[in-house]
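Here is a friendly note to read alongside the model. Please keep the structure open while going through the points.

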Amino acid sequence: MELDETDRSILRILQEDARTPFSEVARRIDMSSATVHDRVNRMEEAGVIEGYHASIDPKAVGYGVSAFVGLRVEQGREEDALERLREIDGVREIHLTTGDWDVILKVVAADTDSLRDLMFERVAEMEGFSRSQTMIILGTDYEADGPAV
């Protein structure tokens, strides 16, 4: 789907706050609410807009520690390993990468003891991984809610 500048403007507004009423989006881009509604529907149907979600602060719901985990996957074990990673509570993101790590996870845990348990009792016990490195996130300076539009 080809996006024009109006589509991109709508996407930027919805990325800032997905609960922005179409009437407010329309006012901000000088367009009718019906047209905004039609454009959003078209972008949803084309898969440009994949969904709407609440952004939740992990600390506010009991996850005081976040970390990135680099994993080296053994040859031929990729699909099985990824499937098992998806089942672990605390795994928030799974990224396939190039470079030193085949997979980078973003995980959350209540505290460092819980993080240690997650890594040693859940991830390290899985077959298919030859090496890992855990990097605790000390703080996040900036985090976008999607690609720049």
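Predicted model: local features only at pLDDT ≥ 70, side-chain atom pairs only at ≥ 80, totals over all residues.

1. Residues are numbered from 1 along each chain as its sequence is written, and side-chain values use heavy atoms, with hydrogens and water left out.

2. Start with helix 1 (residues 5-16) and helix 2 (residues 22-29), whose axes come within 10 Å and cross at roughly 130°. That angle makes helix 1 oblique to helix 2. (Angles under 35 degrees count as roughly parallel, over 145 as roughly antiparallel, 65 to 115 as roughly perpendicular and the rest as oblique.) Axes here are lines fitted to C-alpha atoms, for helices over the stretch in contact, and angles run from 0 to 180 degrees between N-to-C directions. Helices (H or I, at least four residues) and strands (E, at least two) are DSSP runs, numbered from the N terminus.

3. Which residues make this contact? Helix 1 brings Thr-6, Ser-9, Ile-10, Ile-13, Leu-14 and Glu-16, and helix 2 brings Val-25, Arg-28 and Ile-29. Contact means heavy atoms within 4.5 Å. By class, the residues of the contact of helix 1 with helix 2 are 5 nonpolar, 2 polar and 2 charged. (Ala, Val, Leu, Ile, Met, Phe, Trp, Tyr, Cys and Pro count as nonpolar, Asp, Glu, Lys and Arg as charged, and the others, Gly among them, as polar.)

4. On the helix 1 side are Thr-6, Asp-7, Ile-10, Leu-11 and Leu-14, which meet Val-36, Arg-39, Val-40, Arg-42 and Met-43 in helix 3. The contact of helix 1 with helix 3 has 6 nonpolar, 1 polar and 3 charged residues.

5. The axes of helix 2 and helix 3 come within 8 Å and cross at roughly 105°. This makes helix 2 roughly perpendicular to helix 3. Phe-22, Ser-23, Val-25, Ala-26 and Ile-29 of helix 2 make the contact with Ser-33, Val-36, His-37 and Val-40 of helix 3. What classes of residue does the contact of helix 2 with helix 3 have? There are 6 nonpolar and 3 polar residues, and no charged residues.

6. Do look at the loop between helix 2 and helix 3, where Asp-30 is found. Its phi is near 60°, a positive value in a residue other than glycine. Most residues other than glycine have a negative phi. Asp-30 is exposed, at 73% relative accessible area. (Buried means under 20% relative accessible area, exposed over 50%, partly exposed in between, with a 1.4 Å probe and protein chains only.)

7. Next, the largest nonpolar core has 20 residues, of which Leu-71, Leu-85, Leu-105, Val-107 and Leu-115 touch the most other members. (A nonpolar core is a set of buried Ala, Val, Leu, Ile, Met, Phe, Trp, Tyr and Cys residues joined through side-chain atoms within 4.5 Å.) Strand 1 (65-73), helix 4 (78-86), strand 3 (103-109) and helix 5 (112-123) are the elements that give two or more residues to this core. Strand 1 gives the largest share, 5 residues. Apart from this core lies another, of 12 residues, among them Leu-14, Ala-26, Val-36 and Ile-49.

8. Leu-115 is found in helix 5 and is buried, at 5% relative accessibility. Leaving aside neighbours within four places in sequence, Leu-115 is in contact with Val-65, Ala-67, Val-107, Ala-109, Thr-134 and Ile-136.

9. Beyond neighbours within four places in sequence, its contacts include Val-107, Thr-112, Leu-115 and Ile-136.

10. Finally, Thr-112 lies in helix 5 and is partly exposed, with a relative accessible area of 49%. The C-alpha atoms of Thr-112 and Val-65 are separated by 6.6 Å, although these residues are 47 residues apart along the chain. Not counting residues up to four places away in sequence, Thr-112 touches Val-65 and Ile-136.
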